[in-house]
Amino acid sequence: MMDYDKIVSPVVAALPPSGIRKFFDIVAEMEDAISLGVGEPDFTTPWAIREEGIYSLEKGQTHYTANAGLMELREEICNYNERKYGVTYNPKSEVLVTVGGSEAIDLLIRSIISAGDEVLIPEPCFVCYKPCTVMAGGVPVPIETKEEDEFRLLPEQLKAKITDKTKLLILPYPNNPTGGVMSKADMEAIAEVLRGTDIMVLSDEIYGELRYGDERHIPFSAFDGMRERTIVVNGFSKTFAMTGWRLGYALGPEKIIQLMTKVHQYGIMSAPTTAQFAAIEALKSCDDDVEEMRREYNYRRRYIVDGFRAMGLSCFEPLGAFYVFPCIKSTGMTSEEFCENLLREEKVAVVPGNAFGESGEGFIRCSYAYSIENIQEALKRIERFVKKHSK
């Protein structure tokens, strides 16, 4: 018999599985269950995008592309970022098309992090940053963001965590799981802390187009002196409802993009060809589709926040992404207990806040990327559960 415990990587073996998928897997086999657990748009990819993907197959465009992606797609990515945000990139050397935004995150961390390098990670945050850092030999350094600060990263918090080993800051805004955003003034304050340092920035802007309120998203690379130290990670999954197409991209300085492309070409070769042709159409012609989806998310956002507050749970108003992060401390249950009991008693799946870092304890993440009918029914069941367990 093989003793696999002696064979497997102890680093990988010690990594916990994703706290998001645990409840999703259970609810998939539970009759009459409702899930608000997964961050996936309920919209179908707009027809113009699907049609272009189909057409590319009909034309026999089924071969590898360049490692960095189709040149036409890279050009459109650059056009899009200049048109939307006023930041210019060279499509030949400063863009890499990846298999989802998650691959771009992993590539950057593996390309610049050596053993012992510290990576500053504001929490609560997306589940992959810490494991990717650990697998690269780096040291994750959590920075706790708080509900009373609207889950923003404060400049004084950042200053307090910087050491001579700090190599990378991750800026995950708009934020998953909280829906928190950083204003122009907030970002400028962070930029001021970084000026004069050699700290790189991974700016995860996958939810950049899903921002609500008066101020629209501004990339961190747009701030004075930040472009040279920032890798912007973005993609098509959330903005264009293209999760299954698995397509993302990174924008940044040529030297860093070259390193990321080197890792990408050995591990992946190139992103899916059909998805790349479809994405060209998305960038060219689907602004109206994105705005329509954003308006619908905004309606659901207001509805679900009001619903949680009406049942007596404190709920920070998110201004980005498609998540709410209500506080469940008043029930006396931990995040895990709340989610497990809710699923068992009311057949509603949400994600425990501590899946996104220790500072998420006492909260739950609920996605409103679901139909309003599902949200309404889920809120009824959650309210019944909360009343039953209120102290």
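Here is a friendly conversation about how some descriptions of this predicted model are reached.

User: What should I know before we start?

Analyst: This is a predicted model in which local features need pLDDT of at least 70 and side-chain atom pairs count only at pLDDT 80 or more, while totals for chains, interfaces and linings use all residues. Residues are numbered from 1 along each chain as its sequence is written, and side-chain values use heavy atoms, with hydrogens and water left out.

User: What makes β2 and β4 edge strands?

Analyst: Let's begin with the sheet itself, an open one of 7 strands in the order β2-β8-β7-β6-β5-β3-β4, with mixed pairing. β2 (95–98) and β4 (139–144) each have a single partner strand, so one side of each is left without a neighbour in the sheet. Strands here are DSSP runs of E with at least two residues, helices are runs of H or I with at least four, and both are numbered from the N terminus. Two strands pair if DSSP finds at least two bridges between them.

User: How do you know that β7 and β8 pair?

Analyst: Strand β7 (residues 230–235) and strand β8 (residues 248–251) share 4 bridges in the antiparallel sense, and pairing asks for at least two. Gly-235 stands opposite Gly-248 in β8. Helix α4 (residues 71–85) packs on this sheet and touches β2 and β8. Contact means heavy atoms within 4.5 Å.

User: Why are α11 and α13 called roughly parallel?

Analyst: The axes of helix α11 (residues 287–310) and helix α13 (residues 372–389) come within 10 Å and cross at roughly 10°. Angles under 35 degrees count as roughly parallel, over 145 as roughly antiparallel, 65 to 115 as roughly perpendicular and the rest as oblique. That makes α11 roughly parallel to α13. The axes are lines fitted to C-alpha atoms, for helices over the stretch in contact, and angles run from 0 to 180 degrees between N-to-C directions. Among the residues in contact are Tyr-299 and Phe-308 of α11 and Ile-372 and Leu-379 of α13.

User: Why are α5 and α9 roughly perpendicular to each other?

Analyst: Helix α5 (residues 100–112) and helix α9 (residues 254–267) have axes that come within 9 Å and cross at roughly 110°. That angle falls in the perpendicular range, so α5 and α9 are roughly perpendicular to each other. Leu-107 and Leu-108 are among the α5 residues that meet α9, whose side includes Leu-259 and Met-260.

User: What makes the pair of Tyr-207 and Tyr-323 edge-to-face?

Analyst: Rings of Phe, Tyr and Trp (its six-membered ring) pair if their centres lie within 6.5 Å; planes under 30 degrees apart count as stacked, over 60 as edge-to-face and the rest as tilted. The centres of these two rings are 5.7 Å apart and their planes stand at 80°, so the pair is edge-to-face. Tyr-207 lies in the loop between β6 (200–204) and β7, and Tyr-323 in strand β9, so the pair ties together parts that are 116 residues apart in sequence. The structure holds 16 aromatic pairs.

User: How do you know whether Tyr-207 and Tyr-323 are buried or exposed?

Analyst: Buried means under 20% relative accessible area, exposed over 50%, and partly exposed in between (1.4 Å probe, protein chains only). Tyr-207, at 4% relative accessibility, counts as buried. Tyr-323 is buried too, with a relative accessible area of 1%. Tyr-323 also stands opposite Ser-367 in β12.
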